[in-house]
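Reader: I have a model open on my screen and would like to learn how to read it. Could you take me through it feature by feature?

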Amino acid sequence: MHSKKFPSIKKNIICKIRRAKKSEAGKIQRLLAKYAEKKLLLPRSRENIEKNISSFKVAEKDGKIIGCCAVKDYGNALFEIRSLAVEKTLNGKGIGTKLVKRWISALKKKNARKIFALTYRPSLFEKIGFEIVSKELFPEKIWADCINCSKKDNCDEIAVLMKI
């Protein structure tokens, strides 16, 4: 008798994606800090998050913030998806994808022509239409953020781009 292998079933979490509130900056900062400690994303101070709160969306379930994602406008219809984080216990449940898709929808209304991200999870972006590209396509990012990164001389993130 042959044993059959069944693909694992990924159960997506039902959650609400909405604009972040200034009062949630501390919760967002703590969520991001878990990833920043492992050098998976750049750290953001609470003050920086408060100052840029309009650039954040959050995923909420049962009144708790379980994910966040921000954008940065570089001008010339170029935007970056950044500060994407989901509670570790909920990784792989579709929350990050929902956050990114919500930003894509909002950015299309702002006449975005290019949306990029630097990521360790390119497959998340590829499945929603991004392509892997060279980081050198984004000198704006390199001069704005990468210059302050501890990995700037040996960056192992992968650049992805969606053209609209």
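Author: Gladly! Let's begin with burial: a residue is called buried when its relative accessible area is under 20%, and exposed when that value is over 50%. Please keep in mind that this is a predicted model.

Reader: Which residues of strand 2 are buried, or rather, how many of the six?

Author: Five of the six are buried, so strand 2 is largely enclosed by the rest of the structure.

Reader: Which strands does strand 2 pair with, and in what sense?

Author: On one side, strand 2 runs antiparallel to strand 1, and four bridges join them. Lys 16, for instance, has Glu 60 in strand 2 as its bridge partner. Strand 2 also pairs with strand 3, again antiparallel, over six bridges. There, Lys 57 has Cys 69 in strand 3 as its bridge partner. Strands 2 and 3 make a hairpin with two residues between the strands, and Asp 62 in this hairpin takes a positive phi near 55 degrees.

Reader: Where can I find a parallel pairing?

Author: Look at strand 4 (residues 78-86) and strand 5, which pair in the parallel sense over three bridges. Phe 79 has Ile 115 in strand 5 as its bridge partner. Strand 4 also holds Arg 82. The Arg 82 side chain makes a polar contact with the side chain of Glu 80 at 3.4 Å.

Reader: How should I read aromatic rings that sit together?

Author: A pair of aromatic rings is described by the distance of the centres and the angle of the planes. In this model the count comes to three aromatic pairs. One of them is the stacked pair of Phe 116 and Phe 138, with 4.0 Å centre to centre and 10 degrees between the planes.

Reader: Which parts of the chain does that pair tie together?

Author: Phe 116 belongs to strand 5 and Phe 138 to the loop between strand 6 (131-133) and helix 5 (139-144), so the pair ties together parts that are 22 residues apart in sequence. Phe 116 is buried because its relative accessibility is 1%, and Phe 138 is buried because its value is 3%. Another pair is Phe 125 with Phe 130, which is edge-to-face at 5.1 Å centre to centre and 80 degrees between the planes. Both of these residues, Phe 125 and Phe 130, are buried. There is also one aromatic cluster formed by Tyr 74, Phe 116 and Phe 138.

Reader: What sits over the ring of Trp 103?

Author: That is the charged end of Lys 57, 4.4 Å from the ring centre.

Reader: What does Thr 119 touch?

Author: Thr 119 is found in strand 5 (residues 114-119), and it is buried because its relative accessibility is 8%. Leaving aside neighbours within four places in sequence, Thr 119 is in contact with Phe 125, Glu 157, Ile 158 and Val 160. The Thr 119 side chain also reaches the backbone nitrogen of Arg 121 at 2.8 Å.

Reader: Where does Asn 76 lie?

Author: Asn 76 is in the loop between strand 3 (64-75) and strand 4. Although not a glycine, Asn 76 has a positive phi of about 55 degrees, and at 72% relative accessibility it counts as exposed.

How values were computed. Residues are numbered from 1 along each chain as its sequence is written. This is a predicted model: local features need pLDDT of at least 70, side-chain atom pairs count only at pLDDT 80 or more; totals for chains, interfaces and linings use all residues. Side-chain values use heavy atoms; hydrogens and water are left out. Buried means under 20% relative accessible area, exposed over 50%, partly exposed in between (1.4 Å probe, protein chains only). A polar contact is a pair of N or O atoms within 3.5 Å; within protein, one must be able to donate a hydrogen and the other to accept it, and residues adjacent in sequence count only if both atoms are side-chain atoms. Contact means heavy atoms within 4.5 Å. Rings of Phe, Tyr and Trp (its six-membered ring) pair if their centres lie within 6.5 Å; planes under 30 degrees apart count as stacked, over 60 as edge-to-face and the rest as tilted. A charge sits over a ring if NZ of Lys or CZ of Arg is within 6 Å of the ring centre and within 35 degrees of the ring normal. Two strands pair if DSSP finds at least two bridges between them.
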